[in-house]
Amino acid sequence: MAKDLDVQEGGAPAPSRDYADPPPAPLLDMEELRKWSLYRAVIAEFVATLLFLYVSVLTVIGYKAQTDANAGGVDCGGVGILGIAWAFGGMIFVLVYCTAGISGGHINPAVTMGLFLARKVSLVRTVLYIVAQCLGAICGCGLVKAFQSSYYTRYGGGANELADGYNKGTGLGAEIIGTFVLVYTVFSATDPKRNARDSHVPVLAPLPIGFAVFMVHLATIPITGTGINPARSFGAAVIYNKEKAWDDQWIFWVGPMIGAAAAALYHQFILRAAAIKALGSFRSSA
């Protein structure tokens with residue numbers, strides 16, 4: 001088992017812990033389809049995404065209703081953009097905490113794709129997770145419409161759309177950078193090397209992930225309403241089903257997937273220097 005050495009101030013090596021990177025997940029593991037643990041994880045992703053969309057979209061609609069002057073609302077009513085950002089970030093914190101030990105707590109196709117590109121999950125699990133997340137998002141938004149039918153369409157159904165005054169390139173860039181921040185945080189918070197060194201890291205992992213979602217929402221709600229989660233945008237568009245939401249839908253898939261891929265490559269090949277390690281192993285065996 002390989003050992004990583006930390007360096008203290010002054011150049012002296014710090015005490016180290018035995019550590020080895022876990023092996024990469026198989027690209028296509030058909031044996032997973034026979035395991036109950038896979039289906040339990042898929043169900044957890046479905047339910048978590050359903051709850052995420054239900055609470056967050058209700059928060060958005062409630063805020064718009066409370067600030068609608070035509071319905072007796074006031075400009076400073078409701079939770080405000082800050083409250084919406086807290087709703088999204090807080091729900092991610094809670095749901096990642098609840099499901100991390102079962103499914104990994106992805107709740108986002110972009111996160112799943114980033115972890116797949118880093119060989120953390122197999123292709124089979126990736127496909128099933130993304131399907132479950134999208135179905136969960138549709139059902140979550142469907143519940144919102146069922147319970148708030150009079151408000152749902154009137155206040156936009158919580159659907160992501162490019163805001164007036166911004167071009168599609170700006171929206172795409174916002175989604176790429178926002179998703180990069182999120183997926184980069186996921187990799188950093190769940191890095192097994194850090195877990196081996198610091199026993200508190202696995203317990204705290206949901207906190208920075210939820211906080212990253214909160215911060216990105218503060219920055220990008222005025223631009224795109226903040227997607228950074230293709231399932232969240234897709235589920236809202238399916239139930240809202242208006243032309244503008246569908247016209248802009250590609251931004252909320254292409255942007256997050258590019259951002260997730262960039263974060264995976266940055267973490268694996270720059271921060272963790274996977275390519276250099278592989279080259280070193282090749283030279284030592286030559």
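Which residues does Tyr-129 touch, not counting residues up to four places away in sequence? Tyr-129 touches Ala-41, Val-42, Glu-45, Ser-103, His-106 and Thr-112, where contact means heavy atoms within 4.5 Å.

The structure is a predicted model, in which local features need pLDDT of at least 70 and side-chain atom pairs count only at pLDDT 80 or more, while totals for chains, interfaces and linings use all residues. Residues are numbered from 1 along each chain as its sequence is written, and side-chain values use heavy atoms, with hydrogens and water left out.

## Overall architecture

The protein contains 13 helices and 0 strands. Helices (H or I, at least four residues) and strands (E, at least two) are DSSP runs, numbered from the N terminus. Of the 286 residues, 46% count as buried; buried means under 20% relative accessible area, exposed over 50%, and partly exposed in between, with a 1.4 Å probe and protein chains only. Among contacts with a separation of 6 or more, 75% are between residues 24 or more positions apart. The protein exposes about 14,100 Å², of which carbon and sulfur atoms supply 65%; this area comes from the Shrake-Rupley method with a 1.4 Å probe.

An unreviewed UniProt entry carries the annotation "transmembrane region" for residues 38-61, 81-102, 123-147, 171-189, 201-223 and 250-271. Such annotations may be inferred rather than shown by experiment. Two of these spans are described below.

Tyr-129 lies in helix 4 (residues 123-147). Tyr-129 counts as buried because its relative accessible area is 1%. The C-alpha atoms of Tyr-129 and Ile-43 are separated by 8.8 Å, although the two residues are 86 residues apart along the chain.

Helix 2 (residues 80-99) includes Thr-99, which is buried at 8% relative accessibility. Leaving aside residues up to four places away in sequence, Thr-99 touches Ala-44, Ala-48, Gly-104, Gly-105 and Ile-107. Trp-86 is also found in helix 2. Is Trp-86 buried or partly exposed? Trp-86 counts as partly exposed because its relative accessibility is 45%. With the same exclusion of residues up to four places away, Trp-86 touches Met-91, Phe-211 and Phe-214. Trp-86 and His-217 are 131 residues apart in sequence and 8.6 Å apart in space, C-alpha to C-alpha.

## Two loop residues

Ile-107, a contact of Thr-99, is placed in the loop between helix 2 and helix 3. Ile-107 has a positive phi of about 55° although it is not a glycine, and its relative accessible area of 0% makes it buried. Thr-226 is in the loop between helix 9 and helix 10 (230-240). Thr-226 has a positive phi of about 70°, again without being a glycine, and is buried at 0% relative accessibility.

## The largest pocket

The largest pocket holds about 790 Å³ of space. Of the 46 residues that line the largest pocket, the closest to its centre are Ser-103, Gly-104, His-106, Leu-115 and Thr-190. On a 1 Å grid over the protein atoms alone, a pocket is an open set of points where a 1.4 Å probe fits, with protein on both sides within 12 Å along at least five of seven lines, and lining residues have an atom within 4 Å of a point. The volume is the space filled by probe spheres set on the points. Two of the residues closest to the centre, Ser-103 and His-106, are also touched by Tyr-129.
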